[in-house]
Amino acid sequence: MRLVRTEDAVGHVLCHDMTQILTGDDPGAPRFKGPRFRKGHVVTAEDVPVLLSMGKVNLYVWELEEGMVHEDDAARRMAALVAGPGTEAAGEPSEGKVNVRAATDGVLLVDSARLEAVNSVDEVMVATRRGGFAVRAGDLLAGTRVIPLVIAEERLAEAEAAAGPEPLLSVEPFRLRTAAVIATGSEVASGLIEDRFTPVMVEKLAAYGIECVARSTPGDERDDVVAAIGEARAAGVDLVLCTGGMSVDPDDNTPGAIRAAGARVVTYGAPVLPGAMLLVGYFDEPGGRSVPVLGVPGCAMYSKATVLDLVLPRIAAGVPLDKADFVALGEGGLCLGCSECTFPHCPFGR
């Protein structure tokens with residue numbers, strides 16, 4: 001930092017905000033008090049008369065030496081590391097910061113390992129929302145900047161190397177369009193009780209643009225559930241949900257029926273409460289098409305937030321899930337059962 005004459009400051013970086021006061025004494029003149037030039041602003045020739053009119057005959061500036069990058073230019077490069085498909089950098093840097101927003105409705109995906117690698121580099125930062133949750137077009141996803149007003153090129157290059165060739169964030173749009181809901185249970189099939197599960201599933205699916213085009217109540221017998229699953233697959237739906245019958249009771253046949261129907265089961269059980277009995281599998285169809293099948297535990301019918309809400313955004317976007325994805329749900333997977341549920345604006349799943 002050094003003191004220079006304002007006329008000699010062109011091309012240099014301001015070290016602090018410059019406040020301008022306009023009294024509005026002249027007719028039609030505006031009244032204003034606030035920062036006219038922000039810290040980090042690069043002085044231009046057009047700025048000199050304004051600064052002199054503010055009484056600034058000398059300025060404290062940073063010198064942009066060779067090998068140093070201004071915070072705004074660095075922020076643009078940091079944003080390029082972050083913003084992937086389905087996202088967009090939200091305008092020019094403001095006070096050295098660039099925000100990244102969703103360009104489409106979908107599920108936010110964050111490469112956590114590479115994000116941590118970037119944030120391990122001194123003098124840079126990227127703050128994001130938690131990945132795996134649904135976002136809407138225009139939602140704020142991340143903010144990034146460098147810490148100092150100017151940063152060494154080699155430090156910025158270190159962050160770029162840590163990030164690798166692919167962006168840290170992407171938004172996968174919701175792709176699945178149709179679903180079948182198979183409500184198991186002899187009490188439902190016989191009409192002894194009303195099927196209250198299917199309407200809940202229909203509402204949850206609709207939030208992701210998925211229409212329930214097939215419904216059935218086959219009872220509890222495994223062969224009948226297998227047949228219902230087969231009919232759903234024959235109808236060409238994008239997703240199959242089997243509700244109920246997911247506990248360890250001897251007469252709960254839903255997991256066995258899903259396996260018997262030919263599903264490749266990824267997990268039966270998840271470290272999440274409520275919803276530990278979730279089953280997720282896939283029917284691998286000819287031509288590479290993969291149809292998810294979910295065995296949904298009973299808690300999804302009456303609890304506002306369960307494991308289903310943590311998994312469904314990625315399922316709806318067609319993001320393949322494996323066992324590791326469910327293992328990772330354990331940290332944050334305990335719902336606190338608040339008297340007023342604020343999911344997804346709460347710690348559940350985060």
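**View 1. Strand E9 (residues 106–110) and E11 pair in the antiparallel sense over two bridges.** This is a predicted model, in which local features need pLDDT of at least 70, side-chain atom pairs count only at pLDDT 80 or more, and totals for chains, interfaces and linings use all residues. Residues are numbered from 1 along each chain as its sequence is written, and side-chain values use heavy atoms, with hydrogens and water left out. Strands (E, at least two residues) and helices (H or I, at least four) are DSSP runs, numbered from the N terminus. Valine 107 stands opposite alanine 134 in E11. The open sheet has three strands in the order E11-E9-E14, with antiparallel pairing. Strand E11 (134–135) and strand E14 (169–173) are the edge strands, each pairing on one side only. Two strands count as paired if DSSP finds at least two bridges between them. Strands of a sheet pair through backbone hydrogen bonds, either parallel or antiparallel.

**View 2. The largest nonpolar core has 39 residues.** Leu239, Ile315 and Phe326 have the most contacts inside this core. Two or more residues come from each of strand E15 (178–184), helix H6 (197–206), strand E17 (239–243), strand E19 (279–284), strand E20 (290–296) and helix H10 (307–316). H10 gives the most, with seven residues. A nonpolar core is a set of buried Ala, Val, Leu, Ile, Met, Phe, Trp, Tyr and Cys residues joined through side-chain atoms within 4.5 Å. Buried means under 20% relative accessible area, exposed over 50%, and partly exposed in between (1.4 Å probe, protein chains only).

**View 3. Isoleucine 315 is in contact with Leu176, Leu239, Val280, Tyr282, Pro292, Leu294 and Leu321.** Neighbours within four places in sequence are left aside. Contact means heavy atoms within 4.5 Å. A second, separate core has 25 residues, including Met78, Leu81, Val82 and Ala142.

**View 4. Aspartate 309 and lysine 204 meet in a salt bridge through their side chains.** The N to O distance is 2.8 Å. A salt bridge is a side-chain nitrogen of Lys or Arg within 4 Å of a carboxyl oxygen of Asp or Glu. This pair links distant parts of the chain: aspartate 309 in helix H10 and lysine 204 in helix H6 are 105 residues apart. Aspartate 309 has a relative accessible area of 11%, so it counts as buried. Lysine 204 is also buried, at 16%.

**View 5. Aspartate 73 forms a salt bridge with arginine 76.** The closest N and O atoms are 2.7 Å apart. The two residues are about one helical turn apart because they sit three residues apart in helix H2 (residues 71–82). Aspartate 73 is partly exposed, with a relative accessible area of 40%. Arginine 76 is partly exposed at 35%.

**View 6. Arginine 233 forms a salt bridge with glutamate 285.** Here the closest N and O atoms are 3.3 Å apart. Arginine 233 lies in helix H7 (residues 222–234), and glutamate 285 in the loop between E19 and E20, 52 residues away. Arginine 233 is partly exposed, at 29% relative accessible area. Elsewhere, Arg5, Glu7 and Asp8 are linked in a network of salt bridges. The whole structure holds 19 salt bridges.

**View 7. Leu273, Leu334 and Leu336 make a nonpolar surface patch of about 330 Å².** Leucine 273 lies in the loop between strand E18 (264–268) and E19. Leucine 273 is partly exposed, at 49% relative accessibility. Patches are made of residues with over 30% relative accessible area and no salt bridge; like charges are joined within 9 Å, and nonpolar side chains (Val, Leu, Ile, Met, Phe, Trp, Tyr) within 5 Å. Accessible areas come from the Shrake-Rupley method with a 1.4 Å probe; for residues, only the protein chains shown count as cover.
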